[in-house]
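Please look over the sequence and the structure shown here before reading on.

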Amino acid sequence: MERGKGYNKNEIERILTDLNMTGFQKKVLMYVYEIPKGETRTYKQVAEAIGHGGAYRAVGTVLKNNPLAPIIPCHRVIKSNGELGNYSGDGGTARKESLLRKEGAIK
DNA sequence: ACCGTATCAACTA
DNA sequence: TAGTTGATACGGT
């Protein structure tokens with residue numbers, strides 16, 4: 001059941017608040033945190049899901065600043081074109097592709 | 001296929 | 001307060 005993170009949605013919200021994150025930042029991070037394994041979401045879809053439809057650019061800005069990189073599966077967020085986009089984590093976009101392929105989210 | 005423009009939020013000076 | 005940046009999207013040429 002537990003993947004080893006040991007964090008709950010409530011904990012994430014508490015941490016984000018403690019980091020002085022704005023509502024937009026928290027919405028994006030929490031939504032991405034709830035993306036199920038094997039599923040991928042586009043930046044635009046995430047933006048619309050949190051109520052900021054056209055803020056797909058801002059979504060990328062948030063993930064780039066992503067203070068919870070090891071706990072939030074930011075690698076599940078891709079471009080609307082089906083491309084992976086970019087990734088500021090260790091290994092860069094190559095790592096992102098590897099993770100998504102491993103989960104079966106992509107071919 | 002390539003380039004330019006549109007749009008939104010956060011960061012820095 | 002204003003200017004710049006950025007892990008994008010879409011349309012026109």
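This is a predicted model: local features need pLDDT of at least 70, side-chain atom pairs count only at pLDDT 80 or more; totals for chains, interfaces and linings use all residues.

## Around DNA strand B

The residues surrounding DNA strand B are T22, F24, Q25, H52, G54, A55, Y56, R57, A58 and T61. By class, four of the residues on this surface are nonpolar, five are polar and one is charged. Helices α2 (23-33) and α4 (56-65) each supply at least two residues of the surface. The most comes from α4, which gives four residues.

Which parts of DNA strand B lie within 4 Å of the protein? Sugar or phosphate accounts for 76% of the atoms of DNA strand B in that range, and bases for the rest. T22 has a polar side-chain atom 2.3 Å from a phosphate oxygen of DNA strand B.

## Around DNA strand C

There are 14 residues around DNA strand C, and Y43, Y56, R57, S80 and N86 come nearest. Of the atoms of DNA strand C within 4 Å of the protein, 46% belong to sugar or phosphate, and the rest belong to bases.

One is an N or O atom of L63, at 2.9 Å from a base nitrogen. The other is an N or O atom of C74, at 3.5 Å from a base nitrogen. The side chain of S80 has an N or O atom 2.2 Å from a phosphate oxygen of DNA strand C. Helices α3 and α4 are the elements that give two or more residues to this surface. The largest share, seven residues, comes from α4.

## The nonpolar core

The largest nonpolar core has 23 residues, of which V28, V32, V59 and L63 touch the most other members. At least two residues of this core come from each of α1 (9-18), α2, α3 (43-49) and α4. Helix α2 gives the most, with five residues. In soluble globular proteins, nonpolar side chains tend to be buried together.

Leaving aside neighbours within four places in sequence, V28 is in contact with V46, I50, V59, V62 and L63. V32 is located in helix α2. Is V32 buried or exposed? V32 is buried, because its relative accessible area is 0%, and under 20% counts as buried. Not counting residues up to four places away in sequence, V32 touches V46, L63, I72, P73, C74 and V77. V32 and L19 are 13 residues apart in sequence, and their C-alpha atoms are 18 Å apart in space.

## The two sides of α4

Which residues of α4 are buried? They are V59, V62 and L63. These residues lie on the same side of α4, because they cover an arc of only 95° around the axis. An α-helix has 3.6 residues a turn, so residues three or four places apart point the same way.

The buried residues of α4 are covered by elements including α2, α3 and β2 (77-78). On the other side of α4, R57, K64 and N65 are exposed. R57 is also among the residues that surround DNA strand B, and R57 is one of those that come nearest to DNA strand C.

Technical notes: Residues are numbered from 1 along each chain as its sequence is written. Chains are lettered from A and ligands numbered from 1 in the order in which they are written. Side-chain values use heavy atoms; hydrogens and water are left out. A residue is near a molecule or strand if one of its heavy atoms lies within 4 Å of it. A polar contact is a pair of N or O atoms within 3.5 Å; within protein, one must be able to donate a hydrogen and the other to accept it, and residues adjacent in sequence count only if both atoms are side-chain atoms. Ala, Val, Leu, Ile, Met, Phe, Trp, Tyr, Cys and Pro count as nonpolar, Asp, Glu, Lys and Arg as charged, and the others, Gly among them, as polar. A nonpolar core is a set of buried Ala, Val, Leu, Ile, Met, Phe, Trp, Tyr and Cys residues joined through side-chain atoms within 4.5 Å. Buried means under 20% relative accessible area, exposed over 50%, partly exposed in between (1.4 Å probe, protein chains only). Contact means heavy atoms within 4.5 Å. The arc is that of the directions from the helix axis to the C-beta atoms.
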